[in-house]
Amino acid sequence: MQVIFKVRETPFLTVTLNADQSQIVSIDASDQQMAELAFPKVFHQPAVGQLLLLLKAYADLTGNLGIRDVITQTGGAISWIPFKPNLTVVFEEDSNENFDCR
Amino acid sequence: MNANSYLNQAYAQGTHADDDGSLMVLSQRPFGDSRFKGNQRKGMVYTKFGDQVFERCVKLDDHRDRQRHFKPEYDFQYPSISEVITAYLTNNFHHEAFLSRLSYSFEVIQEHGRQITGSSAPNFLGDDGLEVILANDSPNPEIYEHYAVTMEEFAHNVADCGDNQQTLLHLIDYYQRYGVSPEHAKRFLVQQAGFDLLVGNTDRKQNMGNFVMIQRLNGLVHPLNFDYGRCLPMYWTDRINAQFGSGKLQLGEVELEQDYANDVIRTRGGIFGNRTRFEDNVKELLNNGFMPFQIDHRTLTNRLNDLCEEVQFKAPQLYWYARTKANVLLRVLADPKTQALWEDCSASDL
């Protein structure tokens with residue numbers, strides 16, 4: 001599972017999660033400052049819980065949700081964030097991970 | 001994804017605005033987002049012409065917290081007037097002013113049947129930028145907020161600092177933390193300090209949210225001069241407005257306008273206002289490489305006349321206030337104390 005942060009259509013930060021979305025396994029940022037603007041804790045030993053809180057804020061979601069719930073409720077992308085102009089988030093499955101393993 | 005997919009998505013989810021030139025009518029969707037910084041309600045609005053979606057940032061003359069209200073003075077009730085008049089000044093800076101020029105327009109906005117004045121501007125981030133705010137205004141940043149400067153640092157070294165030079169040095173350091181070179185930061189900050197001094201901006205030195213940059217995808221960071229809602233401070237109330245309505249006061253009263261112009265100069269707005277004498281602050285600015293603004297004064301005067309006519313048409317109750325404020329700006333520019341801050345680059349008569 002990859003969480004890809006973009007400025008409009010251009011990606012600049014990819015956060016890869018393990019199969020059950022319990023851990024962040026890698027972070028790939030083309031621009032460190034841009035990455036921190038989108039995900040402030042990204043270079044400070046981020047935990048999935050922090051990522052989840054961030055995504056819920058961006059998607060205007062509340063309640064006890066997992067990453068899968070966020071993906072379901074957003075249709076696979078947070079394509080407009082009213083208080084963060086230009087920032088978008090897209091969720092992509094790994095090619096070998098095409099089932100719900102939660 | 002095609003190039004317009006972001007704007008199409010924004011249009012699909014955001015507030016729509018229909019503008020016939022005199023009134024901007026918002027759709028029924030909720031407008032604005034309280035997570036934007038600042039006291040005014042603000043948000044993005046979207047308009048579609050054919051296949052194209054246009055985006056504007058709208059600020060209402062309305063408190064973002066519905067339980068609170070602005071002070072009764074017009075400068076607080078109608079910051080859009082100061083914002084737009086000051087924007088007309090920056091729009092007439094020569095392009096080498098080293099300050100961004102954000103074009104604010106005066107608007108009357110209808111939301112759920114209620115008409116509110118405000119201003120609108122293009123999305124200053126362009127299509128490849130994210131907003132950077134210098135420092136946090138609360139001890140506990142939200143999970144989506146990133147700051148390289150703490151509230152305490154800003155308070156101690158900028159807001160409460162009584163020395164122009166020290167304030168400048170600290171701010172250069174802070175801009176560097178976001179990737180702005182010290183030369184770029186100094187040049188921008190010195191020009192911005194001259195701008196704030198000229199227009200008596202009361203909303204910079206104490207407001208960390210008004211030091212803003214744009215982080216672009218190409219890795220560059222651009223400092224941005226924006227938010228003019230507390231420029232050209234002028235004490236104006238319903239009582240004063242009524243005196244114009246009754247004819248007790250007339251537009252163009254020299255003494256009144258000059259008093260207001262003196263108040264703007266006395267304000268010593270911005271980060272270079274620490275010395276008691278306005279001229280001493282200007283001298284320090286010049287010692288730091290300030291370059292006087294090249295202003296097309298003739299075009300500015302004409303455009304301010306156009307703006308006041310627009311206000312008279314759209315919101316006639318604000319006409320005397322807007323006209324007087326525009327005149328005050330021209331009197332500030334004519335004052336001997338401000339002459340070192342600007343030069344007239346109007347085309348000469350042939």
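Which two side chains meet in a salt bridge at 3.1 Å, N to O? They are those of R35(B) and D60(A), a salt bridge being a side-chain nitrogen of Lys or Arg within 4 Å of a carboxyl oxygen of Asp or Glu. The model is predicted, with local features needing pLDDT of at least 70 and side-chain atom pairs pLDDT 80 or more, while totals for chains, interfaces and linings use all residues. Residues are numbered from 1 along each chain as its sequence is written, chains are lettered from A in the order in which they are written, and side-chain values use heavy atoms, leaving out hydrogens and water.

Now for the interface as a whole. Here 37 residues of chain B are in contact with 26 residues of chain A, where contact means heavy atoms within 4.5 Å. About 2,900 Å² is buried between the two chains, 64% of it from carbon and sulfur atoms; this is the accessible area (1.4 Å probe) that two parts lose on being put together, summed over both. On the chain B side, Y6(B), L130(B) and I143(B) lose the most area to chain A, together 27% of what that side buries. The rule finds two salt bridges across this interface.

Chain B also has an open sheet of three strands, in the order 7-8-9, with antiparallel pairing. Strands here are DSSP runs of E, at least two residues, numbered from the N terminus, and two of them pair if DSSP finds at least two bridges between them. Strand 7 and strand 9 (221-224) of chain B are the edge strands. Five bridges join strand 7 to strand 8 of chain B, and one pair of bridge partners is G129(B) and R216(B).

Notes. Helix = DSSP H or I, 4+ residues; strand = E, 2+ residues; numbered from the N terminus.
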